[in-house]
Amino acid sequence: MLRYFNPIGAHRSGDIGEDPRGVPNNLLPYIQHVAVGRRPELNVYGVDYPTRDGTAIRDYIHVVDLADGHISALEKLLSTPDIGCVAYNLGTGRGATVVEVVKAFEEASGKKIPIKICPRRPGDSTEVYASTDKARDELAWSARFGIEDMCRDQWNWARKNPFGYSGGNPEKK
Ligand SMILES: O=c1ccn([C@@H]2O[C@H](COP(=O)(O)OP(=O)(O)O[C@H]3O[C@H](CO)[C@@H](O)[C@H](O)[C@H]3O)[C@@H](O)[C@H]2O)c(=O)[nH]1
């Protein structure tokens, strides 16, 4: 069983990435839409969390690291008879705040991401990050990429495909 933390980023080529339908729910797809001009600003849900800058913390992991984690898990599965069901965390073990992610994306893209401060989103946790020891020790897998790499690759995908796989603007009638 693989527990995903917050997968973001895109393939290095910029040809494979996330393309949610409608209004994105997740942070990075939303930032991406703002960066390419599809939405005017990012709603930041909560600036009163007990964290270093008041915004919530998540463990963002590069989607390519996540894919590599699957390969390591399959190797483990195939080489371990009767392994049964074992849970592994696929995360980096490091958390970033919403503000830190916005800044990293602005650096990577050279675009300003206007923000609007909003109340907390119901159900959101203050801080979520992985314990990574078990995956490192038993799968010989650890995440390699940092938040800068994730934002660089996500921006490369976004600037090459501002309207995702459709090519055109799906919101334009
Ligand atoms: O437009 C946005 C979107 C997100 N956030 C914040 O950014 C952080 C990350 O949000 P998101 O990308 O939605 O990830 P999670 O909050 O970790 O939510 C994931 O994990 C939840 C369970 O923990 C699931 O319920 C969700 O479906 C899944 O997306 C959170 O603090 C959000 O409040 C914003 O400020 N603005």
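This is a predicted model: local features need pLDDT of at least 70, side-chain atom pairs count only at pLDDT 80 or more; totals for chains, interfaces and linings use all residues.
Q: Let's start with the helices. How do the axes of α1 and α5 cross, and at roughly what angle?

A: A pair of helices can be described by how their axes approach and cross. Here helix α1 covers residues 27-35 and helix α5 covers residues 147-160; their axes come within 10 Å and cross at roughly 50 degrees. That angle makes α1 oblique to α5. The crossing of α1 past α5 is right-handed.

Q: Which residues make the contact between α1 and α5?

A: On the α1 side they are Leu 28, Pro 29, Gln 32 and Ala 35, and on the α5 side Gln 154, Trp 155, Trp 157 and Ala 158. By type, this contact of α1 with α5 has 6 nonpolar residues, 2 polar ones and no charged ones.

Q: And what about α3 and α5: how do their axes cross?

A: The reading goes the same way. Helix α3, residues 98-109, has an axis that comes within 8 Å of the axis of α5, and the two cross at roughly 55 degrees. Helices α3 and α5 are therefore oblique to each other. Their crossing is right-handed.

Q: Which residues of α3 and α5 meet?

A: From α3 come Val 101, Ala 104, Phe 105, Ala 108 and Ser 109; from α5 come Ile 147, Cys 151, Arg 152, Gln 154 and Trp 155. The contact of α3 with α5 divides into 7 nonpolar residues, 2 polar and 1 charged.

Q: Is Cys 151 buried or exposed?

A: Relative accessibility is the value to read here. Cys 151 has 0% relative accessibility, so Cys 151 counts as buried. Cys 85 is exposed, with a relative accessible area of 63%.

Q: How many disulfides does a search of the whole structure find?

A: The general idea is that a disulfide is a covalent bond between the sulfur atoms of two cysteines. In this model, the search of the whole structure finds 0 disulfides.

Q: Back to α1. Is Leu 27 buried or exposed?

A: Leu 27 lies in helix α1. Buried means under 20% relative accessible area, and Leu 27, with 19%, is buried. Not counting residues up to four places away in sequence, Leu 27 touches Leu 42, Tyr 60, Val 98 and Val 101.

Q: Where is His 33, and which residues is His 33 in contact with?

A: His 33 is also found in helix α1. At 2% relative accessibility, His 33 counts as buried. Leaving aside neighbours within four places in sequence, the contacts of His 33 are Gly 22, Pro 24, Arg 38 and Arg 39.

Q: Now the backbone. What is phi near in Asp 82?

A: As a general rule, most residues other than glycine have a negative phi. Asp 82 has a phi near 60 degrees, which is a positive value in a residue other than glycine. Asp 82 sits in the loop between α2 (63-79) and β6 (88-90). With 79% relative accessibility, Asp 82 counts as exposed.

Q: What is phi near in Ala 140, and where does Ala 140 lie?

A: For Ala 140, phi is near 55 degrees, again positive in a residue other than glycine. Ala 140 is in the loop between α4 (133-139) and α5. Its relative accessibility is 70%, so Ala 140 counts as exposed.

Terms used:
Residues are numbered from 1 along each chain as its sequence is written. Side-chain values use heavy atoms; hydrogens and water are left out. Axes are lines fitted to C-alpha atoms, for helices over the stretch in contact, and angles run from 0 to 180 degrees between N-to-C directions. Helices (H or I, at least four residues) and strands (E, at least two) are DSSP runs, numbered from the N terminus. Angles under 35 degrees count as roughly parallel, over 145 as roughly antiparallel, 65 to 115 as roughly perpendicular and the rest as oblique. A crossing is left-handed if the near helix is turned anticlockwise from the far one by less than a right angle, and right-handed if clockwise. Contact means heavy atoms within 4.5 Å. Ala, Val, Leu, Ile, Met, Phe, Trp, Tyr, Cys and Pro count as nonpolar, Asp, Glu, Lys and Arg as charged, and the others, Gly among them, as polar. A disulfide is a pair of cysteine sulfur atoms within 2.5 Å. Buried means under 20% relative accessible area, exposed over 50%, partly exposed in between (1.4 Å probe, protein chains only).
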